[in-house]
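Subject: Model handover

Hello,

Here is the model we talked about handing over. My notes on what turned up in it follow below.

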Amino acid sequence: MMVITTTLNSLAKSNCLPYGDLIGLPPLPPFAITFSTGRDILNGVNYASAAAGILDETGKYLGDRYALSQQIQNFTSTLSQLKTQMEDKKLIQYLAKSLVIMNVGSNDCINNYLLPSMYSTSFNYNPKDYADLPIKSYTEQLSVLHGLGLRKFLLAAVGPLGCIPNQLATGVAPPGKCVSFVNDMVEIFNMPLKSTVDQLNKEHTQNGTVFVYGNTYKAFFDLLNNLTSYGKYIDI
């Protein structure tokens, strides 16, 4: 998922964050309707696509979707629209203050590597070697976005997929437990992602560029392990 916003208020409007609904703000428009409906794109656009991943083939068995590479192509279409709405200098400032929220990689696990009946990746690669494939592509795509003028990036880690219903339903783990080998795989993916963020910050030290790693894996695990600390919950 890729979301690009221009103000803190836009974060609340984004489909990827829950705060918009709480305070009555509309979500950011999905890219697919920004041309047909004439929706305002100045506060940001949501480029997310269900089942899509970093790798182009991820999720293909589920039908049409925009892989990360296509999401970035979609952003270039938005950029063309923006060029008709503001002067070059203003556009450079606009892009520089925008925030790119990236939350991708989950589908490359559950809708690719963990589906040996449909993909050969788990036969051809061990988890570490497989993680290198999407991370390499991810880094390239981030460089494309930076080259287009974007400067502020929040890259979310992949969460504990071994604890989601999709994996619990396999029956591999005992009742009430997460699928440990899936979570181990996720951690193998997240480690080079964090290293990539560190490397990108070393390479881009000018023009206000900043890459931030969001450890959503740790955050979700803390939530799962300390439910009562976060208020009331329903045990289903």
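**What was found**

Valine 104 is buried, at 5% relative accessible area; buried stands for under 20%, exposed for over 50%, and partly exposed for what lies in between, with a 1.4 Å probe and protein chains only. The model is a predicted one, in which local features need pLDDT of at least 70 and side-chain atom pairs count only at pLDDT 80 or more, while totals for chains, interfaces and linings use all residues. Residues are numbered from 1 along each chain as its sequence is written, and side-chain values use heavy atoms, with hydrogens and water left out.

Valine 104 sits in the loop between E3 and H5. Helices (H or I, at least four residues) and strands (E, at least two) are DSSP runs, numbered from the N terminus. Between valine 104 and alanine 67 there are 37 residues of sequence separation, and their C-alpha atoms are 9.8 Å apart.

**Strands**

Strand E4 pairs with two others. Strands count as paired if DSSP finds at least two bridges between them. E3 (residues 99-102) and E4 run parallel, with four bridges, and in this pairing methionine 102 is opposite leucine 155 of E4. E4 is also parallel to E5 (residues 210-214), to which five bridges join it. Here leucine 154 has valine 212 of E5 as its bridge partner.

**Disulfide**

How many disulfides does the rule give? The count is one, where a disulfide is a pair of cysteine sulfur atoms within 2.5 Å. The partners are cysteine 163 and cysteine 178, with 2.0 Å between their sulfur atoms. The link of cysteine 163 and cysteine 178 is right-handed, with 110° about the S-S bond. Cysteine 163 belongs to the loop between strand E4 (152-156) and helix H8 (165-168), and cysteine 178 to the loop between H8 and helix H9 (180-203), so the pair ties together parts 15 residues apart in sequence. Cysteine 163 is buried at 13% relative accessibility, whereas cysteine 178 is partly exposed at 28%. Elsewhere, cysteine 109 is buried, with a relative accessible area of 3%.

**Aromatic pairs**

Across the whole structure, the search finds six aromatic pairs. Rings of Phe, Tyr and Trp (its six-membered ring) pair if their centres lie within 6.5 Å; planes under 30 degrees apart are stacked, over 60 edge-to-face, and the rest tilted. Tyrosine 61 and tyrosine 119 have ring centres 6.5 Å apart and planes at 75°, so this pair is edge-to-face. Tyrosine 61 is in the loop between strand E2 (44-46) and helix H3 (68-83), and tyrosine 119 in the loop between helix H5 (106-113) and helix H6 (121-124), so the pair ties together parts that are 58 residues apart in sequence. Tyrosine 61 is partly exposed at 36% relative accessibility; tyrosine 119, at 7%, is buried. Phe31, Tyr47 and Phe75 are linked by ring pairs into a cluster.

**Salt bridges**

There are two salt bridges in the structure, each being a side-chain nitrogen of Lys or Arg within 4 Å of a carboxyl oxygen of Asp or Glu.

- Glutamate 140 and lysine 136 form one of them, with 2.8 Å between the closest N and O atoms. Both residues lie in helix H7 (residues 127-147), four residues apart, about one turn of the helix. Glutamate 140 is partly exposed at 43% relative accessibility, and lysine 136 is exposed at 54%.
- Aspartate 198 and lysine 194 also meet through their side chains, at 3.9 Å from N to O. Both are in helix H9, four residues apart, about one turn of the helix. Aspartate 198 is partly exposed at 39% relative accessibility, as is lysine 194 at 41%.

**Surface patch**

Phe220, Leu223, Leu227 and Tyr230 make up a nonpolar patch on the surface, with about 350 Å² of accessible area together. Patches consist of residues with over 30% relative accessible area and no salt bridge, like charges being joined within 9 Å and nonpolar side chains (Val, Leu, Ile, Met, Phe, Trp, Tyr) within 5 Å. Areas come from the Shrake-Rupley method with a 1.4 Å probe; for residues, only the protein chains shown count as cover. Tyrosine 230 is in the segment after helix H10 (216-225) and is partly exposed, at 48% relative accessibility.

Regards
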